[in-house]
Amino acid sequence: EWIAVDDNLLTYLDEKDRLAERAPEAIFSMEPGTEEAQAEVLTLLADHLPERFPDIYQRLGPQIDIIPAFRRVRLDTPYPPLLIAGGLVQEDLALMRRGEDGWRLAAAHLCFPSSWRLHEKFGKALQDIHAPVPDFGRDTRNATIIERMFDNLRTEQPVMRWNWSLHADDTLHHPHSAGQWRFGDDKIDSLYFRLERQTLRRLPESGDILFTIRIYLDPLKAMEAQPNAAELAQALISQLRAYSAAQLDYKGLTSERDRLIARLEEIVAR
């Protein structure tokens, strides 16, 4: 399940188009010499999408029709291949390349960042990209484990992980720092879970790694509608209580953790 497609496909693609018109330099960067690897990504997607989602994507020679989005994407335009590829899917696409300083961000089509900006991370090594994350900075144990995972990733075995945060709204393009959430009593239910479905896939020809990021947004209040709401709320409470001060600060939850836990305990008690 490399790429995920749902009923929000048109909304995501429209937002990518809007960002491309408003601030193209903010959503795409590439190093010279990455063109062939970008083309490899585009070829993989052009083969995969019509096969995996035949009711959504149809290949017609040098073009792909995205049926529910009423779009026709030309694959043979002079635009950078990764930019074309990003216009096919809801995911953001980042190309990681191995160098003397480790894996670095060498090309990216990034429309939906979660509290970071592409120009701040572009060209940096993986360990420096993760520097703001508690316990993941350069030379930490976690950074070493991630570096080793990248080095050992096999072409035939992509991997997936999830990441989450809480945000004040459902904005897809969110480059600004989350800050510290502060809510009145009537606002805490307006928090949104921001989930990142991340995949890593080593490209067979270039050896680069494609990092995909798919954003999902759900309001906190939707948790109560789930049949296992109490279980979900209790799991989140346990995680919030286990966070260190640095982790809470990084996620912007220092000032509101206790009130958020109290709200989740109401869900558990129902």
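Colleague: At what angle do helix H8 and helix H10 pack, and how far apart are their axes?
Modeller: This is a predicted model. Helix H8 covers residues 229-242 and helix H10 covers residues 257-269. Two packed helices are described by the angle between their axes and the distance between the axes. For H8 and H10 the angle is about 155°, and the axes are 8 Å apart.

Colleague: Are H8 and H10 roughly parallel or roughly antiparallel?
Modeller: Angles over 145 degrees count as roughly antiparallel. H8 and H10 pack at about 155°. The two helices are therefore roughly antiparallel.

Colleague: Is the crossing of H8 and H10 left-handed or right-handed?
Modeller: The pair in question is H8, residues 229-242, and H10, residues 257-269. Their crossing is left-handed.

Colleague: How do the residues of the contact of H8 with H10 divide into nonpolar, polar and charged?
Modeller: On the H8 side the contact includes Ala 229, Ala 233, Ile 237 and Arg 241. On the H10 side it includes Arg 257, Leu 260, Leu 264 and Glu 265. The residues of this contact divide into 11 nonpolar, 1 polar and 3 charged.

Colleague: What does Leu 49 touch, not counting residues up to four places away in sequence?
Modeller: Leu 49 is among the residues of the largest nonpolar core that touch the most other members. Beyond four places in sequence, its contacts are Ile 3, Pro 54, Tyr 57, Leu 88 and Val 89.

Colleague: How many residues are in the second, separate core?
Modeller: This core includes Leu 19, Ala 94, Ala 108 and Leu 118. Its total is 22 residues.

Colleague: Is Ser 29 buried or exposed?
Modeller: Ser 29 lies in strand S1 (residues 28-30). Beyond four places in sequence, Ser 29 touches Ala 107, Ala 108, Leu 118 and Phe 122. Buried means under 20% relative accessible area. At 17%, Ser 29 therefore counts as buried.

Colleague: With which residues is Ala 26 in contact, leaving aside its neighbours within four places in sequence?
Modeller: Ala 26 lies in helix H2 (residues 24-27) and is partly exposed, with a relative accessible area of 34%. Leaving aside sequence neighbours within four places, Ala 26 is in contact with Leu 110 and Leu 118.

Colleague: What is the relative accessible area of Arg 71?
Modeller: Arg 71 is found in strand S4 (residues 71-74). Beyond four places in sequence, it touches Leu 10, Leu 13, Asp 14, Asp 17, Ile 64, Asp 65 and Ile 66. Arg 71 is buried, and its relative accessible area is 17%.

Colleague: What is the phi of Asp 139?
Modeller: Most residues other than glycine have a negative phi. Asp 139 is found in the loop between H6 and H7 and is exposed, with a relative accessible area of 65%. Asp 135, in the loop between helix H6 (126-129) and helix H7 (141-152), has a positive phi of about 70°. Asp 139, although not a glycine, has a positive phi of about 70°.

Definitions and conventions. Residues are numbered from 1 along each chain as its sequence is written. This is a predicted model: local features need pLDDT of at least 70, side-chain atom pairs count only at pLDDT 80 or more; totals for chains, interfaces and linings use all residues. Side-chain values use heavy atoms; hydrogens and water are left out. Axes are lines fitted to C-alpha atoms, for helices over the stretch in contact, and angles run from 0 to 180 degrees between N-to-C directions. Helices (H or I, at least four residues) and strands (E, at least two) are DSSP runs, numbered from the N terminus. Angles under 35 degrees count as roughly parallel, over 145 as roughly antiparallel, 65 to 115 as roughly perpendicular and the rest as oblique. A crossing is left-handed if the near helix is turned anticlockwise from the far one by less than a right angle, and right-handed if clockwise. Contact means heavy atoms within 4.5 Å. Ala, Val, Leu, Ile, Met, Phe, Trp, Tyr, Cys and Pro count as nonpolar, Asp, Glu, Lys and Arg as charged, and the others, Gly among them, as polar. A nonpolar core is a set of buried Ala, Val, Leu, Ile, Met, Phe, Trp, Tyr and Cys residues joined through side-chain atoms within 4.5 Å. Buried means under 20% relative accessible area, exposed over 50%, partly exposed in between (1.4 Å probe, protein chains only).
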